[in-house]
Amino acid sequence: MKKINLIPTLSTNIGFGFLFWLCSQVSFGQNYNAKIEGYVTDFATKKPIEGISVTVRQLRKGVTTDANGYYSISVLQGKYVISFTGVSHKLVVKELKLYEDTRLDMEMKESAKDLDEVTVTGKKAEDNTRSVTMGTIKLNVSALKKIPVVFGETDILKALTLQPGVTTVGEGAGGFNVRGGRVDQNLVLLDEMPIFNTSHLLGFFANVNPDVVSDVSLYKGGIPANYGGRLSSLLTINTKNGNPEKWRLSWGAGPISARVMTEGPIIKDKLTLLVGARVAYPNWMISQFPDRYAKSRAFFYDGNAKLQYRLNKNNSIALSAYQSYDNFKFPDDTLYDWRSTAASLKWSSVINSKLSLDAVLVNSYYEFGMKGLKDFYGFYLKSSIEHQEAKVNFLYTPSEKHKIEWGANIINHKVSPSTLNPDGVESSINRQSVRDEFARETAGYVSWEFAITKLLSIQLGGRFSSFSQLGNGRINNYEVGVSKTKESIIDSVSFSDGQVMTTYSGFEPRLSLKVGLDDNNSVKLSYNRMRQYLHLISNTTAISPVDFWKISDTHIQPQVGDQYAIGFFKNLNDDMFETSIEGYYKDILNMIEYKNGATLLLNPILETGLLNAIGKSYGVEISFKKNKGKITGQGSYTYSRSFAKVQTPFPLDLVNRGDWFPSNFDRPHNVVGSVSAQVGKGWTFAGNFTYTTGRPITYPDGLFIFNNQFGNNYSLRNADRLPDYHRMDLSISKDTRHSKDQKKYAVWNFSLYNLYGRNNAYSIYSTRFNRTNRFYQLSVLGSIIPSLTFNLYY
């Protein structure tokens, strides 16, 4: 690009305003702009890196890379120092002489943090104030191994419950609850594969091995338009790509499980493989429990595999597979088991510097069952759900200020609600089954993100989804003006295979807005509407092996949720400290509640036991983090309420007289604190404290006599509460590395879970004695739990 000087013989009749404008563009004797652009990729995986800061140091001007790893900066011609920095990658600095447009691609090596310093967040601290998104949690997976947890088993879900707005029913409870939502209202994706049960050992551990995980993101609000199908949250878990240069091995063990992972190149710089597995041996520990539990038995395993093939610089294919299995036997004659099998095939292509696409094929299958082992009453009860999906997503970045995404997906659902078969020739159990259900879900979406100014950004999107229940099947018609019962069925209509039985559709707008007050302070707003076409039918507050999924049909409508959120975000001391306060409000239509005494399992007319309800939840989340230094930590307080209200014209079906009542997950006050301190070379001390209001529960408030038999009377649902929950944990870990680049090392962790032996109530139940009720408290873990684990890396 040539230098252009102003011509001295310009006509004097040119206005001074135009002269001023022209001079500001070219300037006397100065250089014109030059553009530097390129792609930033990971040195090991060759995968684009999003969020790398590219800065011109002399000008203090910079941009961040987009989802394709692309960046572009325009500057005046001259000599500059360009730096590339990221949360998990080593700093790269380049000196350049820019006299024309220049292409600079950069490969960055993943960094091992200095042993004397820890970063607790998985995202850049400046995202707290400068990103348009809100209500988002990103975990630093490498730091999880130093958090004190039960039995020393590193757990992604337990780490999430240390974040504001995320709770669980209690110890030994599967799943998690976000902002007062139900367990089935969370969409959990492992490499785009939906996981329908996230727990091992009836809820003690997450069923994803953290050793194979590269990043974890939880969206509590502002959910991207390319995702839908659940009301409360989106949890994305992505596994690592195999090391393209050399084979690596790691393994470890704890009190109840062992794990191993290996990764490396099959064809160098082309084809990589990662394999990880975990297996449990908890029976020796269960045998130490009190006699009434000592005869219980348990087992689980899980495995992950990922093949990635790099076709060329701009195209790659990744095949991911996952399988897990659990069984659990109580001291009586019942065995529970559940398993997940899933696979995804993803093609990623960078079409040009501005356009890329991802195309994904997914299959996920989940099955759970219950086996009766009693003589002459042997049986096996089975239920399952299968998800088959094709999805394509385009990303277009016309400039560093604009990002546009669009795409579509189609999902085939198959649900087998329940089948009961006799087990053994001498069994007196009769075969029963509920008809399989089929559905097809489609959606199209678009999202536009635009940085209007340095301080003002907007993300606007929409999703249109459609859902059709398919045959074969039958729709029952009920008598008008009376409650739905078996006796009120007047006729039914049958449908053949593939015939459309019922259709629902609707628009789902998404909006996020960031108004920066300056570089360290901002206000954010968000709104999103979600539709949920699948429902988990359960008569317990936690996931259990006898829960089953149900497809929306003529009588059970899709749930629809609207969430509004506003927050103030502030960073201090060069992003060392991160603070935020967020408020939210949610409205939900077509929630499922249950009639008193409803029969759920093996019920071919399930709608007769269900009630249509509306829901609302609201709350405030206050968070403080220290992200850098030898002492790091986080503290948060959440005030959250969640209510339900049954809508029915029939007085006998009303719950709590038709008034609002607390949902099963209404826990108003939640206080969480965590700290991590470097106390010596490689030594880390960590501690957690959790306090939560006890969850709602329904106690019998009296007795009645019918036919000379006593029965419990329950007048109001969820009118009582369990005692408040609180717990403290401590751990100390040792990293044997002497330098951050050391490849062979070990990490040891000793932890004390429930330090002061709190008997936290999981439930309270009653038994009748003469003419009164006696109440008893069930505590899953009522004592301190010590554990020692280790991990070796080669």
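How many aromatic pairs does the structure hold? The structure, a predicted model in which local features require pLDDT of at least 70 and side-chain atom pairs count only at pLDDT 80 or more, while totals for chains, interfaces and linings use all residues, holds 18 aromatic pairs. Residues are numbered from 1 along each chain as its sequence is written, and side-chain values use heavy atoms, with hydrogens and water left out. Rings of Phe, Tyr and Trp (its six-membered ring) are paired if their centres lie within 6.5 Å, and planes under 30 degrees apart count as stacked, over 60 as edge-to-face and the rest as tilted.

Y527 and Y564 form a tilted pair, with 5.0 Å from centre to centre and 35° between the planes. This pair links distant parts of the chain, 37 residues apart: Y527 belongs to strand β33 (residues 521–532) and Y564 to strand β36 (residues 559–572). Strands are DSSP runs (E, at least two residues), numbered from the N terminus. Y527 counts as buried because its relative accessibility is 19%, whereas Y564, at 42%, is partly exposed; buried denotes under 20% relative accessible area, exposed over 50% and partly exposed the range in between (1.4 Å probe, protein chains only).

The rings of Y745 and Y793 are stacked, at 4.7 Å centre to centre and 20° between the planes. Y745 lies in strand β48 and Y793 in strand β51 (residues 785–793), so this pair ties together parts 48 residues apart in sequence. Both Y745 and Y793 are buried. Elsewhere, F204, F205 and F300 form one aromatic cluster.

How values were computed. Helices (H or I, at least four residues) and strands (E, at least two) are DSSP runs, numbered from the N terminus.
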